[in-house]
Amino acid sequence: MVSRASDSSSKSRKSYSEQSNDGLGNLTYKLNQLKKQVQAERVVSVKDKIEKNRKKIENDISQLLSTTSRKSVIFAMDNGFGNMPLCKYSGFPQGLGDRDYVNSHEVVLSTSSKLSHVQKIPPYTTWIFLDKNQRMAEDQSVVGRRRIYYDQHGSEALVCSDSEEDIIEPEEEKHEFSDGEDRILWTVFEEHGLGEEVINAVSQFIGIATSEVQDRYSTLKEKYDGKNLKEFEDAGHERGIALEKSLSAALDSFDNLFCRRCLLFDCRLHGCSQTLINPSEKQPYWSEYEDDRKPCSNHCYLQSRAVQDTVEGSAGNISSIITNTEGTLLHCNAEVPGAHSDIMAGERCNSKRVLPVTSEAVDSSEVAIGNENTDTSMQSLGKRKALELNDSVKVFDEIEESLNKKQKKLLPLDVLTASSDGIPRPDTKSGHHVGAINDNELQMTSKNTIKKSVSAKVVSHNNIEHNIMDGAKDVNKEPEMKQSFSKGELPEGVLCSSEWKPIEKELYLKGVEIFGRNSCLIARNLLSGLKTCMEVSTYMRDSSSSMPHKSVAPSSFLEETVKVDTDYAEQEMPARPRLLRRRGRARKLKYSWKSAGHPSIWKRIADGKNQSCKQYTPCGCQSMCGKQCPCLHNGTCCEKYCGCSKSCKNRFRGCHCAKSQCRSRQCPCFAAGRECDPDVCRNCWVSCGDGSLGEPPKRGDGQCGNMRLLLRQQQRILLAKSDVAGWGAFLKNSVSKNDYLGEYTGELISHREADKRGKIYDRANSSFLFDLNDQYVLDAYRKGDKLKFANHSSNPNCFAKVMLVAGDHRVGIFAKEHIEASEELFYDYRYGPDQAPAWARKPEGSKREDSSVSQGRAKKHQSH
Amino acid sequence: MARTAIGCEPLVGSLTPSKKREYRVTNKLQEGKRPLYAVVFNFIDSRYFNVFATVGGNRVTVYQCLEGGVIAALQSYVDEDKEESFYTVSWACNVDGIPFLVAGGINGIIRVIDVSNEKLHKSFVGHGDSINEIRTQPLKPSLVVSASKDESVRLWNVQTGICILIFAGAGGHRNEVLSVDFHPSDIYRIASCGMDNTVKIWSMKEFWTYVEKSFTWTDLPSKFPTKYVQFPVFIASVHSNYVDCNRWLGDFILSKVKLSVDNEIVLWEPKMKEQSPGEGTADILQKYPVPECDIWFIKFSCDFHYNAAAIGNREGKIFVWELQSSPPVLIARLSHAQSKSPIRQTAMSYDGSTILSCCEDGAIWRWDAIPT
């Protein structure tokens, strides 16, 4: 790159140790040279860019110009602007305008059109509707940012940031290296080495810390050195498909982005990357087919169980037949082409599909496919014959049928790959080699396939496998010799289906976690399209058979597979007894439903102190919460989202109100400022429909009246110009006392943020801050709902109340009295003394008793 | 921006005028005493390239530039609300080509005037605060976009009176929006800037069906399903201070930034960061200094071909920059002993031969290039 400079640098390096001064001088020179070069190149590149852009603009302008020529003149007046000019003002004669004094023409126009008055609306800042609170996004913070206001009266002067404390120097930002700097850095270090002086010189030159220079150099080194390697990795990565990823990797986004409290992705309230809390008590298994013994499909394990039974019963029978198998197989070898034309026909279709792709070698592809067909059909045929021999075992037919189906399903894929891969490579020399491999693979395949269909636990059965395998091998050999290419793909295809990929194994284990050992449900819900119920069941048995008892490990190959699988199983979950599945049926959780609210809650209410609520964060305690429990520590109850056991002493137990509809302080939930939770409270339920759909029958008398925020049973609110000031919120329909009107939603911000924003809002004289709990303040300034426009009154018709709804604090607005339709809504912002704006202050003397207000009442945020 | 990295230095224009073109004063009008905030030539309709409009106070006036420095007053409009103070005006037209004037100001109401019959066509109520700039989509001149103190940018159809889109919300501006501009060829793109020191580029590509729908809407405009565009495609905090004027220059952006005492116009290239869509960096290519300009709400203007830009300063002087030369060249520095009042906005004629300036003291100056 810089050949001239490198000469001098090599010299300088030579003498570096003795004459560092000289070297440094050289270095500085070099650095300056480089800088000049980089800058010169920059000038050129900017010029290039501007020139390029200029051409683009020229193009754009010509386009614009054509749109400005309006030929369709609708009105034919002289200039389109009235009949004649109102007035003409002559220009200054030549030279006159250059004088220091010029006379200006006063524009006094006799006629001017009136723009009729239009009612303007009260000012507001554009806001977004929220039906649910949101946590503030990082970039929305105003802390440490300069804010520009302008002086209302001076109209001109802009005031930046109000007080000194606001000007917080941003943290030392990481220097972003430009390409030019990278180049200087790289060139210098490559040529002068990483001596201390060199680093110092460079860091001084660029004007950053030495550590950053060093860091950057190592990243650059990695970048340049690792370039090839990375490309290689990338290429490999692209080929990888999801199935090869591990389940945990695939679930990563689920774990990080799915909110388990709101049951949605990318939750704006609780945020991403929440700490995963796993309940210490496992959910009972979800079991649908528990007592239903009907097979779930043709591939159901129940089918194979029948087979197994029969096989076990007629083991002797089979063994006598086995000897014949080989012969039959050989026999059918000859029969194949004609006898199984149906299969052939099916595959012809496939080959037709392949044809256009391989137009060059149509003939050979057909031959190849034909061959393929022979192979596979013979294979399946072999099995068929082997099985058919035993007439008494009727179930075999079914297996065989399913097997055939499966093979048919596989074939299109195989044929496709075979023909596309095999044909362009008409190299018959490698045929033998391919054949050899083929042989091996096919062996495994057929073994596997058989293993799938017939349980591999029975020794005699195993014999069949071997026999069939042998048969298949024989069958295979012939076509191989005749036409040896394009066969390698088939076994691979079959192999794919029978071998368990890591992700399948992991999915299986998850399935066991969810459904217990129910292969029907696992196969259907987690492995659909990947594994059949029977395969799952076999796998299940294999993995359990490797447990100490009963294992008649058939062949070394199987043994290996099982071993691998077992390893998996042992890692991921403890060995479970077979009975496990049944456990799902009825798993009664025994503990008292007796409502025993957390003592501290009661205390707080009893105190009636104006104490702010505490933000709840689920704890991850195992079983019982002890002193270490963060919930206990924070003074919150444990909730259903906590990891602890349901019998945890710190849990809020909900209510068991029967008749009161939970509308009074009789209800422990209501009294604690909480909404009832159908998951927790005994008689509080949510229903839709009249019972005809089989929903749970009514418990208790009426529907719980303390779930109104949860169920969004709100009133229609209207936005209009207030009778008092600015905007106001109005009610569409009349309501009675204590009716729920709606939620006050907004951004959840920290108290620190709120203090800062409060100052900004005070200048604008409109604040939408609302104290929520000890951690958060609601800000409805840019995001919220219409209730944010409800005005303050010291004699209000509404009140706000912070409720704990499913672990989250939310502000509900309720009617304080009967309110008529289309009345304006007011509530007491609960300003501190002297904090209320002038219009909101009470006339002399009538100060309200502060202590008379219950703690649950929300109040507008006050900046400190 | 603290310091420019090596290899990213912008090319800064020299303040020595090249005298490529010389201008002299050819007329001066005095429109009362209230400040004039905007002056703009009609670039929408080639028949009226010499027609311009000014706004100030509650008045909108239409003039025509004639030969020999003559200015003809054509029309005048006065808002019945004396409190109104118009800040901005833009030319537009309906689909038949009938010219409209669109003005807005402190009241937050957009007035659409049909100048062909001198009548108020429509008034758009919706912005929650004053309107700082209105611009017209040159390729579809029935579309105008407005920038407001209410932190939003809104797209309107002047033909049907529909508010089509509101650019605000989660990714929107966090303080007054001072300026907005349509991309010259990418019809979906707009750039806005304001007191939150950021420049945001928005795309309405995904919302274009609504734009089309607005042309055929026959129901009440208030029933139109106005959409919020909450996320810009690009956000750049190019500047450490507010940005009160920005214009597209091809794919680059010219924005005017306040410095401590002086101002400068910066030409920069928006560069998307690959990893995080929406976030971007600005590669500052060139700088056009504007001395003695420490007040805000001073806007620059370009000629039709974007060859030059004219900007006034607090002292009543005008700097005419050649935009597309590299490094930038100051074509001329216009000053007059009597022009002392801050120049709020300039207007360059189609070919740049005439420059108009409107001032805080209510004066309109006309400068004409001396033919060579």
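The legends below describe close-up views of a predicted model.

**View 1. The interface of chain A and chain B.** In this predicted model, the contact draws 92 residues from chain A and 116 residues from chain B. About 8600 Å² is buried between the two chains, and carbon and sulfur atoms give 57% of that area. Between chain A and chain B, 39 residue pairs are in polar contact, counting pairs with both residues at pLDDT 80 or more. On the side of chain A that touches chain B, the elements that each supply at least two residues are α2, β1 (87-89), β2 (105-106), β3 (113-115), β6 (148-150), α3 (179-192) and α4 (196-206). The largest share of that side, 19 residues, is contributed by α2(A).

**View 2. Salt bridges across the interface of chain A and chain B.** Five salt bridges are found across this interface, and the count over all chains comes to 34. In one of the pairs shown here, the side chains of A:R42 and B:D283 meet at 3.0 Å, N to O. This pair joins two chains, because A:R42 lies in helix α2 (residues 20-68) of chain A and B:D283 in strand β23 (residues 278-290) of chain B. A:R42 has a relative accessibility of 6% and so counts as buried, the cut-off being under 20%. B:D283 is likewise buried, with a relative accessible area of 9%. A salt bridge also forms between A:K49 and B:E269, whose closest N and O atoms are 2.7 Å apart. A network of salt bridges links A:R42, A:K49, B:E269, B:K271 and B:D283.

**View 3. The salt bridge of A:D808 and A:R261.** The side chains of A:D808 and A:R261 form a salt bridge at 3.0 Å, N to O. The pair links distant parts of the chain, 547 residues apart: A:D808 is in strand β19 (residues 808-815) of chain A, and A:R261 is in the loop between β8 (258-259) and β9 (264-265) of chain A. Both A:D808 and A:R261 are buried.

**View 4. The salt bridge of B:E133 and B:R247.** The closest N and O atoms of B:E133 and B:R247 are 3.1 Å apart in this salt bridge. B:E133 belongs to strand β11 (residues 131-136) of chain B and B:R247 to strand β20 (residues 243-249) of chain B, so the pair ties together parts that are 114 residues apart in sequence. B:E133 is buried at 2% relative accessibility, and B:R247 is buried with a relative accessible area of 5%.

**View 5. Strand β8 of chain B and the strands paired with it.** Strand β8 (residues 99-105) of chain B is mostly covered, with seven of its seven residues buried. B:P99, B:L101, B:A103 and B:G105 point one way from the strand, while B:F100, B:V102 and B:G104 point the other way. Strand β7 (residues 86-93) of chain B runs antiparallel to β8(B) and is joined to it by seven bridges. In this pairing B:C93 stands opposite B:P99. The hairpin of β7(B) and β8(B) has five residues between the strands, and B:G97 takes a positive phi near 90° there. β8(B) also pairs with strand β9 (residues 110-114) of chain B, in the antiparallel sense, over four bridges. Four residues lie between the strands in the hairpin of β8(B) and β9(B), where B:G108 has a positive phi near 80°.

**View 6. Helix α3 of chain A.** α3(A) has 14 residues and spans 20 Å from its first C-alpha to its last, close to the 20 Å expected at 1.5 Å a residue. The helix is mostly covered, with twelve of its 14 residues buried. Among the buried residues are A:I184, A:L185, A:W186, A:V188 and A:F189, together with the charged residues A:E181, A:D182, A:R183 and A:E191. Just after α3(A), A:G193 takes a positive phi of about 80°.

**View 7. Helix α25 of chain A.** Helix α25 (residues 751-764) of chain A has 14 residues and reaches 19 Å from first C-alpha to last, close to the expected 20 Å. Its buried residues are A:E753, A:A754, A:D755, A:K756, A:R757, A:G758, A:I760 and A:Y761. A:N765, just after the helix, takes a positive phi of about 60°.

How values were computed
Residues numbered from 1 in each chain as written. Chains lettered and ligands numbered in written order. Predicted model: local features only at pLDDT ≥ 70, side-chain atom pairs only at ≥ 80, totals over all residues. Heavy atoms only, no water. Expected span 1.5 Å × (residues − 1). Buried < 20%, exposed > 50% of the residue type's maximum accessible area, 1.4 Å probe, protein only. Pairing = 2+ DSSP bridges. Salt bridge = Lys/Arg side-chain N within 4 Å of Asp/Glu carboxyl O. Contact = heavy atoms within 4.5 Å. Buried area = accessible area lost by both parts, 1.4 Å probe. Polar contact = N/O pair within 3.5 Å; in protein donor to acceptor, adjacent residues only side chain to side chain.
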